[in-house]
Amino acid sequence: MNLKNIVLGTVAAGLVMFALGGVWHMLLFLGQYEKLNYFSRAEVLMPFMMAGEVLRALFMTIIFPHGYKGGNAVNEGMKFGLLANALVASVWVTWTFGLQNISSFVGLAVLEGGFLLVSGAIGGM
């Protein structure tokens, strides 16, 4: 994979996942996240949030070609995004629950695990 494809894939997937994160966390499920006591800062540090999504997109963009063996690239990208982000979600949800005063592990797993799987699948496409 050449540098141009890595940059384009990273930017596209990063923007999509970041935008979806805003919709998911601030519009669709804000009340549920507040009930879980998920947000521990008065203000979110958006540059760090964007950097996290760009890094996730970068690694997805770099790793995907190593496992891609042909077939419909959109379907394969979606499957890869699900699989890669199942790993991310399992670690992220477990560590977050262990570090933050969140009221429900199951609630966190459903909300944040769901976000990571959905955004990873869409970002992988």
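**Entry 1**

I began with Glu-53, which forms a salt bridge with Arg-56, their closest N and O atoms lying 2.8 Å apart. I counted a salt bridge when a side-chain nitrogen of Lys or Arg is within 4 Å of a carboxyl oxygen of Asp or Glu. Side chains of opposite charge can pair when their charged atoms come close.

A note on the source: this is a predicted model, where local features need pLDDT of at least 70 and side-chain atom pairs count only at pLDDT 80 or more, while totals for chains, interfaces and linings use all residues. Residues are numbered from 1 along each chain as its sequence is written, and side-chain values use heavy atoms, with hydrogens and water left out.

Where do Glu-53 and Arg-56 sit in helix H3? They are three residues apart in H3, so about one helical turn separates them. I took helices (H or I, at least four residues) from DSSP runs, numbered from the N terminus.

Is Glu-53 buried or exposed? I found Glu-53 buried, at 11% relative accessibility. Arg-56 is buried too, with a relative accessible area of 11%. My cut-offs were under 20% relative accessible area for buried, over 50% for exposed, and partly exposed in between (1.4 Å probe, protein chains only).

**Entry 2**

How many salt bridges does the structure hold? I found two. In the other pair I looked up, the side chains of Glu-76 and Lys-79 meet at 3.3 Å, N to O. Both residues lie in helix H4, three residues apart, which is about one turn of the helix. Glu-76 is partly exposed at 26% relative accessibility, and Lys-79 is partly exposed at 49%.

**Entry 1: the largest pocket**

Next I looked for empty space. Rolling a probe the size of a water molecule over the atoms shows where empty space is left. I used a 1 Å grid over the protein atoms alone and a 1.4 Å probe; a pocket is an open set of points with protein on both sides within 12 Å along at least five of seven lines, and lining residues have an atom within 4 Å of a point. Points are joined across faces, edges and corners, and the volume is the space filled by probe spheres set on them.

The largest pocket holds about 850 Å³ of space. It has 27 lining residues, and those closest to its centre are Tyr-38, Val-44, Met-49, Trp-92 and Glu-112. Helices H1 (3-28), H3 (46-67), H4 (73-99) and H5 (105-124) each give two or more residues to this lining. I sorted the lining into 16 nonpolar, seven polar and four charged residues. Here Ala, Val, Leu, Ile, Met, Phe, Trp, Tyr, Cys and Pro count as nonpolar, Asp, Glu, Lys and Arg as charged, and the others, Gly among them, as polar.

**Entry 2: the second largest pocket**

This pocket has about 250 Å³ of space. Gly-9, Thr-61, Phe-64, Gly-123 and Gly-124 are the closest to its centre among 15 lining residues. H1, H3, H4 and H5 each supply at least two residues of the lining. Its residues divide into nine nonpolar, six polar and no charged.

Last, I checked Val-16, which is found in helix H1 and is partly exposed, with a relative accessible area of 38%. Asn-75 is in helix H4 and is partly exposed at 39%. The C-alpha atoms of Asn-75 and Met-125 are separated by 6.9 Å, although these residues are 50 apart along the chain.
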